[in-house]
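Subject: The model, and what turned up in it

Hi,

Here is the structure I promised to pass on. Have a look at it first, and then read my notes below.

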Amino acid sequence: FGDASTYVVVSRDVQTRPEEQLQRAVLERRPPPGLETFGPEVDPRPRDRFELLYEPTSGRPRELVYKFAASGETRRVRFEDWSEFQGIPYPRRRVYFDAEGRTTTTLEIRRMEPANTSERDFRML
């Protein structure tokens, strides 16, 4: 979401929960270059939409709600059990929910090991 040419923040607010208050940023994917307009769109098309809920003091993501334009389905993932590896914070557990709020998948990182990498280990999409 750090790429301002791909995503735009459309709103920010505070979401109050029984045990805490979280900051919320709502983002949308920008239209392809050349199709951006100022003012109301003549033919608005659905865009991928993301709601990022994060802790106000640390900025750590707590939850991501996303709706892809292609499917129109809303999904949610919660980031839990934060730890650090070589000074970098990461969530050990990610819990995915379906549209009805039922848990569908839980991914848990149990062990991390340092590794040497180079640009050859990555490819451009």
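How many bridges join strand S2 to strand S3, and which way do the two run? Six bridges join S2 (residues 21-29) to S3 (residues 49-54), and the two strands run antiparallel. Before I go on: this is a predicted model, where local features need pLDDT of at least 70 and side-chain atom pairs count only at pLDDT 80 or more, while totals for chains, interfaces and linings use all residues. Residues are numbered from 1 along each chain as its sequence is written, and side-chain values use heavy atoms, with hydrogens and water left out.

A word on terms. Strands are DSSP runs of E, at least two residues, numbered from the N terminus (helices are runs of H or I, at least four). Two strands pair if DSSP finds at least two bridges between them.

Back to the strands. Arg24 has Leu53 in S3 as its bridge partner. S3 also pairs with S4 (residues 61-67), again in the antiparallel sense, over six bridges. There, Glu51 has Val65 in S4 as its bridge partner. The hairpin of S3 and S4 has six residues between the strands, and Gly59 in that hairpin takes a positive phi near 80°.

Further along, S6 (residues 88-97) and S7 (residues 103-108) pair in the antiparallel sense over five bridges. Tyr96 stands opposite Thr105 in S7. This hairpin has five residues between its strands, and Gly101 in the turn has a positive phi of about 85°.

Now the rings. Because Tyr7 lies in S1 (residues 7-16) and Phe50 in S3, the pair ties together parts that are 43 residues apart in sequence. Are these two buried or exposed? Tyr7 counts as buried at 17% relative accessibility, and so does Phe50 at 6%. (Buried means under 20% relative accessible area, exposed over 50%, partly exposed in between, using a 1.4 Å probe and protein chains only.)

Tyr66 and Phe68 form a tilted pair, 5.2 Å centre to centre with 45° between the planes. Tyr66 is buried at 16%, whereas Phe68 is partly exposed at 35%. Ring pairs link Tyr7, Phe50, Tyr66 and Phe68 into a cluster.

There is a charge over a ring too: Arg76 lies over the face of Phe97, 4.0 Å from the ring centre. The cut-off here is NZ of Lys or CZ of Arg within 6 Å of the ring centre and within 35 degrees of the ring normal.

Glu55 is found in the loop between S3 and S4, and a polar contact of 2.6 Å joins its side chain to that of Arg62. A polar contact is a pair of N or O atoms within 3.5 Å; within protein, one must be able to donate a hydrogen and the other to accept it, and residues adjacent in sequence count only if both atoms are side-chain atoms. Leaving aside neighbours within four places in sequence, Glu55 is in contact (heavy atoms within 4.5 Å) with Leu22, Arg60 and Arg62. Gly72 lies in the loop between S4 and S5 (74-85) and is partly exposed at 37%.

Cheers

Key. Rings of Phe, Tyr and Trp (its six-membered ring) pair if their centres lie within 6.5 Å; planes under 30 degrees apart count as stacked, over 60 as edge-to-face and the rest as tilted.
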